[in-house]
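Colleague: I would like to go through this model with you. Let us take the overall make-up, then the pairings.

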Amino acid sequence: AAGTTTYTRQALEAWLEELSQRDADAAMREIASRTLAQLRRGRGGSAPEDFTLLDSNNDPWRWSEQHESYTYLIFFADWCTACKKDLIILENIWQKYEKHIRFVAINMDEQYDDFKNYLSSHRNQKFTFLYGGNDPLLRQKFKQRSIPHAVLIGPDGKLVSDYTRRPGEGIQTDFDKIFNRAAENP
């Protein structure tokens, strides 16, 4: 039809990027920035929104304070058999990669006591454990449709790819690439 304009996703993102940086109205910049983050959420190259969770000592752990290395987040629940299998596989491989990749297991159980029970019965797992049930938007922030769910974030704080394999799906291949790059560029 005459006078209609077709907007591509790329064009919309460019326009929102421009608005978020240069619009004179601070409220408009904020709206544009949040809309852009929603469009890019979960895509390789996008940065996850900041979040704060509780660690195993019940202390706050803030994502914005953690960027210094690759970070592998795996979301799990105590009742999830596939999650437990993935964490066992991860337990068996983490020592090889721990110098170059931080491993963070985020428990998504509704009750904090379930998280504490998991920790007490799996003391041999040495990664960072966080309780995610206290952030109702955490699933949305990582486009988590089910668990187990994994995300690999680079040292720049951005998602490495749109989809991250879990330990049972062969994430070791990706870890080997990071490990080999680190060995080549110490």
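Colleague: What should I know about the numbering and the model before we start?
Modeller: Residues are numbered from 1 along each chain as its sequence is written. This is a predicted model, where local features need pLDDT of at least 70, side-chain atom pairs count only at pLDDT 80 or more, and totals for chains, interfaces and linings use all residues, while side-chain values use heavy atoms, with hydrogens and water left out.

Colleague: Which pattern does the protein follow along the sequence?
Modeller: The protein has six helices and six strands. Both are DSSP runs numbered from the N terminus: helices are H or I with at least four residues, strands are E with at least two. Read along the sequence, the pattern is α-α-β-β-β-α-β-α-β-α-β-α.

Colleague: What share of the residues counts as buried?
Modeller: The C-alpha trace spans about 65 × 45 × 35 Å along its principal axes. Buried means under 20% relative accessible area, exposed over 50%, and partly exposed in between, with a 1.4 Å probe and protein chains only. Of the 186 residues, the buried share is 39%.

Colleague: What percentage of the contacts with a separation of 6 or more comes from residues 24 or more positions apart?
Modeller: A contact means heavy atoms within 4.5 Å. Among contacts with a separation of 6 or more, residues 24 or more positions apart account for 69%.

Colleague: Which cysteines form a disulfide?
Modeller: A disulfide is a pair of cysteine sulfur atoms within 2.5 Å. By that rule the count is one. The sulfur atoms lie 2.4 Å apart, and the pair is cysteine 80 and cysteine 83.

Colleague: Are cysteine 80 and cysteine 83 buried or exposed, and what is the handedness of their link?
Modeller: Both cysteine 80 and cysteine 83 are buried. The angle about the S-S bond is 80°. The link is right-handed.

Colleague: How do the axes of H3 and H6 run, parallel or antiparallel?
Modeller: Axes are lines fitted to C-alpha atoms, for helices over the stretch in contact, and angles run from 0 to 180 degrees between N-to-C directions. Helix H3 (residues 81–97) and helix H6 (residues 172–184) come within 11 Å and cross at roughly 10°. Angles under 35 degrees count as roughly parallel, over 145 as roughly antiparallel, 65 to 115 as roughly perpendicular and the rest as oblique. H3 and H6 are therefore roughly parallel.

Colleague: Which residues of H6 meet H3?
Modeller: From H3 come Ile89, Leu90, Ile93, Lys96 and Tyr97. Their partners in H6 are Gln172, Phe175, Asp176 and Phe179.

Colleague: How many salt bridges does the whole structure hold?
Modeller: One of them joins aspartate 78 and lysine 84, at 3.7 Å from N to O. Another joins arginine 22 and glutamate 18, with the closest N and O atoms 3.1 Å apart. A search of the whole structure finds seven.

Colleague: Why are arginine 22 and glutamate 18 about one helical turn apart?
Modeller: Both sit in helix H1 (residues 9–22). The separation is about one helical turn because they are four residues apart.

Colleague: Is asparagine 57 buried or exposed?
Modeller: Asparagine 57 is found in the loop between strand E1 (52–55) and strand E2 (60–62). Its relative accessibility is 58%, so it counts as exposed.

Colleague: And phenylalanine 142, buried or exposed?
Modeller: Phenylalanine 142 lies in the loop between helix H5 (138–141) and strand E6 (149–153). Leaving aside neighbours within four places in sequence, its contacts include Pro48, Phe51, Leu73 and Phe75. At 5% relative accessibility, phenylalanine 142 counts as buried.

Note on methods
Salt bridge = Lys/Arg side-chain N within 4 Å of Asp/Glu carboxyl O.
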